[in-house]
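This report covers selected strands, a helix and several loop residues.

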Amino acid sequence: MISGLNPPAHYDNLPSVYFIPAKRQIGMENLTNTGGLITSTFTGAELVHVLDTLKDPEDNREFKKEKYSRFEKFMRDLLEDESFKISIPNSRKTINVELGGKDLPYTDLGTGIHELFLMVLMVTLVENSVICIEEPEIHLHPTMQKKLIQYLVDNTSNQYFISTHSAHILDTSDAAVFHLSENDSGGVSVDYVFNDSKRSSICSDLGYKASDILQANVVIWVEGPSDRIYLNHWIFQKDPELREGIEYSIMFYGGGLYTFLTGEDITEEDRSVNDLISIIRINRNSVLVMDSDKADAGAELANHKVRLSQEFSSNEMNGFMWITQGREIENYIPADKLEEAIITVHPRLNKPDDFASHYSDRMTWIGRKGETKSKIDKVSVAHEVCKRPSAIKELDLPDRIDELIAFIKKAND
């Protein structure tokens with residue numbers, strides 16, 4: 001029976017509650033008292049015994065082995081080493097790991113991996129419970145913080161209460177954020193953070209600057225939100241392990257603003273002369289995705305697009321430019337799939353005669369009275385398209401997605 005944080009016995013339907021404090025360390029304390037079970041306050045002291053019984057269970061074998069496999073897969077992905085294995089010496093006072101064919105003590109993994117090791121195993125062992133985690137970001141760089149949170153979302157069934165000073169954890173989607181601060185009377189005030197303005201205020205209180213927060217290993221620049229939906233969909237189809245917000249971020253530049261962009265590493269003096277904004281000065285690993293707007297295969301690109309393409313082709317560049325082979329990004333969608341999606345969103349419109357062409361304006365349909373309808377809801381259509389998965393095969397889309405994924409992986413190596 002676990003005591004401490006758990007509710008009184010007469011609250012039978014409430015979940016168990018566990019606490020992971022900021023001070024965590026693998027060890028052997030309290031095994032006599034706990035019998036190797038996870039206690040309500042988990043410091044990592046009981047981890048060796050728990051891990052040993054999980055790795056080689058005597059009861060509930062399939063259930064426990066599935067949990068261990070989930071944990072081991074996360075560590076392999078994190079360390080990018082499929083040879084990762086855990087072994088526990090006879091003394092049972094530490095944990096050894098196998099990496100790249102070498103046996104190493106877990107301490108050689110580094111403090112950040114050590115911390116993640118403890119927390120991920122704990123949250124994997126417990127199900128349908130409330131887990132309170134104190135400052136999980138300690139010793140973890142931003143990517144590890146994001147991977148931890150993503151693991152909690154994708155692989156566990158618990159409810160989490162996290163105290164943190166990390167802007168990267170505060171930025172977790174679908175999380176309820178509360179700001180705790182000392183009030184004038186010496187008590188604690190709790191303020192629900194319901195918009196981005198309040199989140200920004202918290203980050204300011206924590207001492208973060210905008211330059212600290214706006215960081216990503218790869219930034220993909222697109223014209224608008226529907227492009228982001230398609231790119232995320234295609235990337236996930238090819239490689240589900242890559243996630244927006246962790247391995248890459250997508251930002252909008254607005255279609256008409258491309259004339260003010262450059263792929264060169266210009267100086268402040270140069271910018272004052274030509275009013276161009278250098279994308280790679282914002283992030284060295286940048287990808288620029290742009291519609292060709294070509295009416296047919298033989299049409300020429302606009303001068304600014306040619307200039308940008310040449311700049312991004314420079315040997316000094318860390319990124320690349322992707323100009324769609326067809327007219328727009330929607331021309332990569334199989335015509336029948338796009339037609340179904342548009343009819344679902346706009347059932348009273350009629351498609352243009354040349355809709356199937358890779359160079360047609362697929363997003364300008366005809367109204368019931370013959371008038372053209374240019375303001376199709378591209379975002380809603382994109383969501384409908386992604387509900388109807390299809391093979392990535394149109395034009396140069398397969399090669400470009402492969403190139404993009406390779407670039408993201410290289411930048412995150």
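**Terms and basis**

A crossover is called right-handed if, with the strands pointing away from the viewer, the path from the first strand over the helix to the second runs clockwise. Helices (H or I, at least four residues) and strands (E, at least two) are DSSP runs, numbered from the N terminus.

The model is predicted: local features need pLDDT of at least 70, side-chain atom pairs count only at pLDDT 80 or more, and totals for chains, interfaces and linings use all residues. Residues are numbered from 1 along each chain as its sequence is written, and side-chain values use heavy atoms, with hydrogens and water left out.

**Strand β5 and its partners**

A right-handed β-α-β unit is formed by β5, α5 and β6. Two strands are said to pair if DSSP finds at least two bridges between them. By that criterion β5 pairs with β6 (residues 159-163) in the parallel sense, over 5 bridges. Within this pairing, Ile131 has Tyr160 in β6 as its bridge partner.

β5 also pairs with β1 (residues 17-20), again in the parallel sense, over 4 bridges. Here Ile133 of β5 stands opposite Ile20.

**Two loop residues with positive phi**

Glu135 lies in the loop between β5 (130-134) and α5 (142-155). Its phi is positive, about 45°, although the residue is not a glycine. Glu135 is partly exposed because its relative accessible area is 24%, where buried means under 20%, exposed over 50% and partly exposed in between (1.4 Å probe, protein chains only).

Asp293 is in the loop between β13 (286-290) and α12 (303-312). Asp293 is likewise not a glycine and has a positive phi, of about 60°. With a relative accessible area of 43%, Asp293 is partly exposed.

Asp396 is found in the loop between α14 (378-386) and α15 (397-411). Its relative accessibility is 16%, so Asp396 counts as buried. Leaving aside residues up to four places away in sequence, Asp396 touches Gln325 and Tyr332; contact means heavy atoms within 4.5 Å.

α15 has 15 residues and reaches 21 Å from its first C-alpha to its last, close to the 21 Å expected at 1.5 Å a residue. The expected span is 1.5 Å times one less than the number of residues. Buried residues in α15 include Leu397, Pro398, Arg400, Ile401, Leu404, Ile405, Phe407 and Ile408. Their cover includes β9 (219-222), α9 (225-238), β13 and β14 (320-323).
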